[in-house]
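Thank you all for coming.

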Amino acid sequence: MELRLAEVFESIRAVQAKVDEPLCAYVYDLVALRRHAAYLVSTLPEGCELFYAIKANSDLPILQALAPLVDGFEVSSGGELAWVRAHFTDVPVIFSGPGKLDHELSGAIEQNVDCLHVESLNELRRLAGIVSQTGKAAAVLLRINLTVGNLAETGLMMGGKPTPFGIPVQQLRECLEWLRAHPEIRLRGFHFHLLSHQLDAQAHLQLVAAYLTQVRRWCDEYELEIDHINVGGGIGINYRQPEQQFDWTAFSAGLTALLRNDGLPGIRVRFELGRYISAACGYYAMQVIDIKRSYGKTFVIGRGGSHHFRTPYAQGHSHPFHVLPIDAWPYPFPRPETSNDRVSIVGQLCTPKDVLAFDAPVGTVRCNDLLVFPYAGAYAWHISHHDFLRHPHPAQWYLSVE
Ligand SMILES: Cc1ncc(COP(=O)(O)O)c(C=O)c1O
């Protein structure tokens with residue numbers, strides 16, 4: 001995952017030089033995004049597919065950059081489906097997520113969704129009602145909440161324990177019996193998304209291996225004919241130690257060996273990654289408005305805040321950042337600064353929760369310098385409470401030229 005820091009910093013500096021008040025901005029590097037996605041696709045073994053979970057970042061330029069590279073998009077709401085279909089009539093789409101409405105289920109069928117990931121027997125029954133009204137067949141995966149032995153928990157667990165997601169494995173038999181009596185709904189396979197924030201390539205391989213083992217047993221026991229398994233998303237970004245990222249090279253090599261030795265003939269393996277595809281292409285930049293000492297701690301207050309970039313607070317980490325020195329200081333009095341210090345970087349919101357980094361070491365940071373947060377391309381702008389306090393939205397632009 002290569003970051004093009006020089007190009008990104010240059011473009012932020014160029015924009016900052018033209019504005020007459022402190023800058024806050026999102027910058028997305030589409031060149032890096034395309035390279036990264038192409039690399040992931042090229043290193044996945046034969047028999048695998050890569051979908052992009054657009055909830056991570058559904059901006060149109062991001063989707064346009066990815067559409068020619070990935071096998072399709074995963075959506076989790078009728079809104080995401082409508083957004084994708086408004087711009088991409090033919091891209092394969094899969095639809096997952098809890099609490100789907102009837103009109104979302106019927107919309108999915110009308111919009112030629114490749115596969116619906118069903119979350120409960122009740123959802124299956126509602127789908128059957130829609131299928132009987134429309135006369136169009138539906139293809140589904142059952143999303144199963146599986147317990148896996150020795151599953152190392154990450155910071156965000158969606159399964160492997162009581163959660164609202166998926167069908168608990170104890171209810172599988174009943175769902176399969178119901179499906180047998182409803183041939184208008186075709187079971188194409190199983191969907192798993194037990195966790196996000198996975199940083200350990202070997203642990204992720206073990207998880208995929210456990211899915212394969214489980215599905216092989218179900219196919220034998222229930223005499224199923226399925227064509228793919230969706231192993232979800234969940235590969236993480238190491239925000240705390242950004243130099244130690246998920247080892248994709250080891251993962252793809254391990255996966256190649258796993259599928260060669262233990263793959264299920266005729267059954268494809270589909271990934272629906274969000275964070276790991278788009279996080280590294282995004283940057284959030286904020287210019288420093290004030291620097292304060294308060295009871296022994298230093299606070300750096302930037303233009304913007306968690307209403308633009310909620311990722312660090314949402315995940316409970318101190319986000320890594322770069323300081324870009326800006327020489328101009330437009331006032332006739334001394335410029336606040338701090339050196340060789342530990343700082344908290346906060347935004348403009350009237351809440352102590354508006355924290356982007358804490359206890360973070362800095363060489364020197366001065367008022368008017370720029371702070372640039374990398375890994376802000378996924379679950380960043382799109383999960384933030386944009387209109388809290390009615391501050392303006394940040395500037396936003398895309399780097400697309402090599
Ligand atoms: C069902 C499902 N698939 C895929 C994803 C994407 O996960 P990630 O961004 O961790 O890859 C999510 C995220 O919540 C999800 O719920």
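When I say helix or strand, I mean a DSSP run, numbered from the N terminus, with helices being H or I over at least four residues and strands being E over at least two. Please keep in mind that this is a predicted model, in which local features need pLDDT of at least 70 and side-chain atom pairs count only at pLDDT 80 or more, while totals for chains, interfaces and linings use all residues. Residues are numbered from 1 along each chain as its sequence is written, and side-chain values use heavy atoms, with hydrogens and water left out.

The chain has 11 helices and 19 strands. UniProt, in an unreviewed entry, lists residues 34–279 as "domain: Orn/DAP/Arg decarboxylase 2 N-terminal"; its positions are given here in our numbering with shortened feature names, and such annotations may be inferred rather than shown by experiment. That stretch, residues 34–279, is 41% helix and 19% strand, with its end C-alpha atoms 12 Å apart. The unreviewed entry also carries the annotation "domain: Orn/DAP/Arg decarboxylase 2 C-terminal", covering residues 26–377, and this span is 31% helix and 28% strand, with 9 Å between its end C-alpha atoms.

As for overall dimensions, the C-alpha trace spans about 80 × 40 × 40 Å along its principal axes. The radius of gyration is taken over C-alpha atoms, and the globule rule is 2.2 Å times the number of residues to the power 0.38; for 402 residues a compact globule would be near 21 Å, and the chain's 23 Å agrees with that.

Now to the helix pairs, where axes are lines fitted to C-alpha atoms, for helices over the stretch in contact, and angles run from 0 to 180 degrees between N-to-C directions. How do α8 and α9 lie relative to each other, roughly parallel or oblique? The axes of helix α8 (residues 201–222) and helix α9 (residues 248–262) come within 9 Å and cross at roughly 20°, which makes the two roughly parallel, given that angles under 35 degrees count as roughly parallel, over 145 as roughly antiparallel, 65 to 115 as roughly perpendicular and the rest as oblique. Contact here means heavy atoms within 4.5 Å, and among the residues that meet are Leu-205 and Leu-212 in α8 and Phe-251 and Leu-258 in α9.

Helix α8 also packs with helix α7 (residues 172–180), their axes coming within 12 Å and crossing at roughly 50°, and these two are therefore oblique to each other. Here Leu-172, Arg-173, Leu-176 and Arg-180 in α7 meet Trp-218, Glu-221 and Tyr-222 in α8.

Finally, helix α5 (residues 102–110) and helix α6 (residues 121–134) pack at about 55° with axes 10 Å apart, so they too are oblique to each other. Their contact is made by Asp-102, Leu-105, Ser-106 and Ile-109 of α5 together with Glu-123, Arg-126, Leu-127, Ile-130 and Val-131 of α6.
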